[in-house]
Amino acid sequence: MTLKQRFALKILRWTGWKIAGEPEHIQRWHDTEKCVLISAPHTSITDYVIGYITLAALRKKGAFMINKKFFFFPLNFILKAHGGIPVKAGDKDFLPQIIRAFEKTDRMFLTITPEGTRKRVTRWKRGFYQITQATNATLLLGALDYAKKHIIFGNAFTITNDFNADMKEIGKFYQGVSGKYPEKFSVHVGV
């Protein structure tokens, strides 16, 4: 175990967060090298911090998409070092860039918050679905439940290419999960 892993695990313990999920799901997270990870609910910037520490504890290289307007000196170096991939807000042509990022590495946990904002939404964005289809990456479900202080490792989800049916199934995993600001989270996921 690396020093970074030990430190990350200690931070999670000190702050009261616990890993939750079926043992086989947790093992799947350990065994997976490339994936698209749905992380929800996303109601606070704190979600990123907890997620980053969790991936460090797993010894996984996290990646995330972030508006390219934040890639200015010196913040650009910090964001890239922590897995930031610059994308233009609202750009429908982001997919080739993400595919290239997957092709360049053997290990990537691309974390996506499908709400696309920390505000309440009625529908999740489809980007995670399109990326999973285009890269054939594993799709993992993950949640931060602030009410229980659980980091929930869900199972891998196999998409069927029936978006609405898949979203109904994915939504079931997030039922009863409480974000930091529960009023900002909705599991109405695109149907």
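User: Which residues form a nonpolar patch on the surface, and what is their accessible area together?

Analyst: The model discussed here is a predicted one. The nonpolar patch consists of Ile45, Tyr48 and Val49, and their accessible area together is about 270 Å².

User: Is strand E5 largely enclosed or largely open, and how many of its residues are buried?

Analyst: A residue counts as buried when its relative accessible area is under 20%. Strand E5 spans residues 108-112, and the rest of the structure largely encloses this strand because the number of its five residues that are buried is four.

User: Which strands pair with E5, and in which sense?

Analyst: Strand E3, residues 62-67, pairs with E5 over three bridges, and Ala63 has Leu110 as its bridge partner there. Strand E2, residues 34-40, pairs with E5 over five bridges, with Ile38 opposite Ile112.

User: Where on helix H5 do the buried residues lie, on one face or around the helix?

Analyst: In helix H5, residues 95-103, the buried residues are Ile98, Ala101 and Phe102. Seen down the helix axis, these residues fall within an arc of 100°, so they line one face of H5.

User: What covers the buried residues of H5?

Analyst: The cover includes strands as well as a helix. Among the elements are E2, E3, E5, strand E4 (84-87) and helix H6 (127-135).

User: How many residues apart in sequence are the parts that Glu33 and Lys60 tie together?

Analyst: Glu33 forms a salt bridge with Lys60, with 3.6 Å between the closest N and O atoms. Glu33 lies in the loop between helix H2 (23-31) and E2, and Lys60 in the loop between H3 and E3, so the pair ties together parts whose separation in sequence is 27 residues.

User: What is the N to O distance between Arg107 and Glu33, and how many residues apart are the parts they tie together?

Analyst: The side chains of Arg107 and Glu33 meet in a salt bridge of 2.9 Å, N to O. Arg107 lies in the loop between H5 and E5, whereas Glu33 lies in the loop between H2 and E2, so the parts tied together are apart in sequence by 74 residues.

User: Why are Glu169 and Lys172 separated by about one helical turn?

Analyst: The side chains of Glu169 and Lys172 meet in a salt bridge (2.9 Å, N to O). Both belong to helix H7, residues 163-174, and they are separated by about one turn because their spacing is three residues.

Notes: Residues numbered from 1 in each chain as written. Predicted model: local features only at pLDDT ≥ 70, side-chain atom pairs only at ≥ 80, totals over all residues. Heavy atoms only, no water. Buried < 20%, exposed > 50% of the residue type's maximum accessible area, 1.4 Å probe, protein only. Helix = DSSP H or I, 4+ residues; strand = E, 2+ residues; numbered from the N terminus. Pairing = 2+ DSSP bridges. Arc of directions from axis to C-beta. Contact = heavy atoms within 4.5 Å. Patch = residues over 30% accessible without salt bridge, like charges linked within 9 Å, V, L, I, M, F, W, Y side chains within 5 Å. Areas by Shrake-Rupley, 256 points an atom, 1.4 Å probe, with all protein chains shown as cover. Salt bridge = Lys/Arg side-chain N within 4 Å of Asp/Glu carboxyl O.
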